[in-house]
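The following note sets out a reading of the structure shown below. The points are numbered so that each may be taken up separately.

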Amino acid sequence: MGNLSEDELIQKAKEGKVEAFGELVKKYQRRIYQLIYQMTFNHEDANDLSQETFLKAYKSLNKFKRESSFYTWLYRIAINLVINHLKKRKNERNLNFDIHYTNSPQRILESKEFSMKLKETISMLPFSQRIALNLVVNHGLSHKEVAKIQGCSEGTVSWRIFQARKFLKEKLEPYLKGELK
Amino acid sequence: MKCEKYQKFLSDYNDGSLSRKKAEKIKKHLEQCSECREILELYRKLDKEIKIVGEFEPSSDYWETYWLKLKAKIENEEKAKERLFSWKINWKWSLAGILASLLIFVVIFTFIFKKGEINEEIYYMSSDQTLFPFINELEENNSLAKYFEELIFTEMGREIENLSHFEYSFDFNNIYNLLNEMNEEEIEIFNSEIIKELRNKGVKNEIQS
């Protein structure tokens with residue numbers, strides 16, 4: 001299975017070869033997990049929703065018509081699941097962020113409070129802005145690719161990211177300027 | 001262009017999504033505008049911080065078992081799907097059983113009616129007490145249902161086709177007399193005997209008692 005191209009793996013998976021689907025999962029599992037973690041900041045959610053994404057993808061493989069790339073299609077499934085999950089969580093008013101601090105040498109601000117504040121502020125953004133910003137900043141996607149995933153124009157993506165950055169800057173400027181830690 | 005207008009493009013400039021011409025314009029402006037440089041710097045700091053809070057790598061054990069857990073879920077879903085499909089088949093056979101019993105009832109009823117003797121007690125016994133436990137058994141046992149379905153639609157089907165004018169006897173007189181004389185307990189025994197008979201005849205090896 002290891003030597004097959006992505007298209008061949010998709011075809012085999014469509015024919016019911018679970019192991020071919022397994023190869024696709026192994027290729028994208030980290031990206032999908034990270035995408036969800038960056039939206040929820042919770043490992044349990046990232047675990048459950050990423051598994052649900054792949055399960056849903058497997059069941060709907062016959063609907064995948066190759067009009068977009070496989071990862072775009074997977075991202076869309078994941079994003080829809082995350083949005084539904086976050087809507088429920090918002091209603092429950094239950095924000096449950098993992099407390100996790102990285103030792104990255106690139107870290108600019110060491111403050112634990114800042115990490116929490118940043119997660120909270122990101123969570124205040126409208127879903128569409130949060131998704132667009134995440135896909136560009138964390139996944140390195142172009143505005144064009146994000147537009148495909150979000151089903152909108154590139155201009156809309158630009159506007160969403162600009163609004164998100166403006167909001168975060170307003171809320172976090174004192175921290176970013178080092179006035180608060 | 002005023003500073004405010006440039007600021008709207010700083011986010012796009014940061015992402016590299018502007019045309020070369022526009023990006024050049026912004027770059028030139030940034031060289032002489034400290035306010036815009038500061039905003040761009042804040043955006044870049046923000047991006048770095050967003051990356052840091054979004055970084056989380058579960059243990060290697062987690063990834064080693066990730067696919068196995070997912071595979072188990074896929075297999076469970078497929079089994080559930082198969083069970084649902086099997087339930088649909090059972091439902092089909094049950095419906096066939098109900099229809100067949102109705103047909104039998106119509107035959108018995110017509111036979112009785114022809115004789116001018118409508119016996120409500122027999123109607124009740126033959127439709128509810130005699131047939132329903134049997135149909136329930138069919139619902140629970142796919143192999144038995146399959147056998148019964150074959151029996152109804154092959155052997156009996158042919159006989160039923162011959163039942164023009166409902167003159168076919170098929171020992172209805174005997175069943176009539178038998179049911180008439182049976183109490184509830186005996187009917188239960190009668191049902192279990194039918195099931196036993198069907199088990200012995202057709203699907204000995206497949207039925208799990």
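**Notes on the two-chain model**

1. Leaving aside neighbours within four places in sequence, Arg130(A) is in contact with Met39(A), Ile122(A), Leu125(A) and Ala164(A). The model is a predicted one. Arg130(A) belongs to helix 6 of chain A. Is Arg130(A) buried or exposed? Arg130(A) counts as buried, because it has 20 C-beta neighbours inside 10 Å, and the criterion for a buried residue is 20 or more. The C-alpha atoms of Arg130(A) and Ile161(A) are separated by 8.0 Å, although the two residues are 31 apart along the chain.

2. The packing of helix 6 on helix 8, both of chain A, gives the setting of Arg130(A). The two helices pack at an angle of about 95°, and their axes are 8 Å apart. Helix 6 of chain A is therefore roughly perpendicular to helix 8 of chain A, as the range for that term is 65 to 115 degrees. On the side of helix 6, the contact is made by Ser128(A), Gln129(A), Arg130(A), Ala132(A), Leu133(A) and Val136(A). Helix 8 of chain A supplies Val157(A), Arg160(A), Ile161(A), Gln163(A) and Ala164(A). By class, this contact has 6 nonpolar, 3 polar and 2 charged residues.

3. Helix 8 of chain A, residues 154-176, also packs against helix 1 of chain B, residues 3-15. Here the angle is about 105° and the axes are 9 Å apart; the two helices are therefore roughly perpendicular to each other. Ser158(A), Ile161(A), Phe162(A) and Arg165(A) of helix 8 of chain A meet Lys8(B), Ser11(B), Asp12(B) and Asp15(B) of helix 1 of chain B. The residues of this contact divide into 2 nonpolar, 2 polar and 4 charged. Ile161(A) takes part in this contact and also in the contact of helix 6 with helix 8 of chain A.

4. How many residues does the contact between the chains take from each? Chain A gives 36 residues and chain B gives 29. On the side of chain A that touches chain B, the elements that give two or more residues are helix 2 (18-40), helix 3 (43-59), helix 5 (112-124), helix 6 (127-137) and helix 8. That side of chain A has 15 nonpolar, 15 polar and 6 charged residues.

5. The largest nonpolar core has 60 residues, of which Ile36(A), Ala78(A), Ala132(A) and Val136(A) touch the most other members. Helix 2 of chain A contributes the largest share of this core, 10 residues. Not counting residues up to four places away in sequence, Val136(A) touches Leu141(A), Val146(A), Ile161(A) and Asp15(B).

6. Phe41(A) deserves a check of its backbone. Phe41(A) has a positive phi of about 55° although it is not a glycine. The residue lies in the loop between helix 2 and helix 3 of chain A. Phe41(A) is buried, because 25 other C-beta atoms lie within 10 Å.

7. Helix 3 of chain A has 17 residues and reaches 24 Å from its first C-alpha to its last, close to the 24 Å expected at 1.5 Å a residue. Its buried residues are Asp45(A), Ala46(A), Leu49(A), Ser50(A), Thr53(A), Phe54(A), Ala57(A) and Tyr58(A). An α-helix has 3.6 residues a turn, so residues three or four places apart point the same way.

8. Ser69(A) is placed in the loop between helix 3 and helix 4 (70-92) of chain A. Ser69(A) is partly exposed, because 13 other C-beta atoms lie within 10 Å. From C-alpha to C-alpha, Ser69(A) and Asp7(A) are 9.9 Å apart in space, and they are 62 residues apart in sequence.

9. The two chains may be set side by side. Chain A has 8 helices and 0 strands, and chain B has 8 helices and 0 strands. Buried residues make up 35% of the 181 residues in chain A, whereas 18% of the 209 residues of chain B count as buried. Among contacts between residues at least 6 apart in sequence, those joining residues at least 24 apart make up 60% in chain A and 72% in chain B.

Terms used. Residues are numbered from 1 along each chain as its sequence is written. Chains are lettered from A and ligands numbered from 1 in the order in which they are written. This is a predicted model: local features need pLDDT of at least 70, side-chain atom pairs count only at pLDDT 80 or more; totals for chains, interfaces and linings use all residues. Axes are lines fitted to C-alpha atoms, for helices over the stretch in contact, and angles run from 0 to 180 degrees between N-to-C directions. Helices (H or I, at least four residues) and strands (E, at least two) are DSSP runs, numbered from the N terminus. Angles under 35 degrees count as roughly parallel, over 145 as roughly antiparallel, 65 to 115 as roughly perpendicular and the rest as oblique. Two residues are in contact if their C-beta atoms, placed from the backbone, lie within 7 Å. Ala, Val, Leu, Ile, Met, Phe, Trp, Tyr, Cys and Pro count as nonpolar, Asp, Glu, Lys and Arg as charged, and the others, Gly among them, as polar. A residue is buried if 20 or more other C-beta atoms lie within 10 Å of its own, exposed if 12 or fewer, and partly exposed in between; C-beta atoms are placed from the backbone. A nonpolar core is a set of buried Ala, Val, Leu, Ile, Met, Phe, Trp, Tyr and Cys residues joined through C-beta atoms within 7 Å. The expected span of a helix is 1.5 Å times one less than its number of residues.
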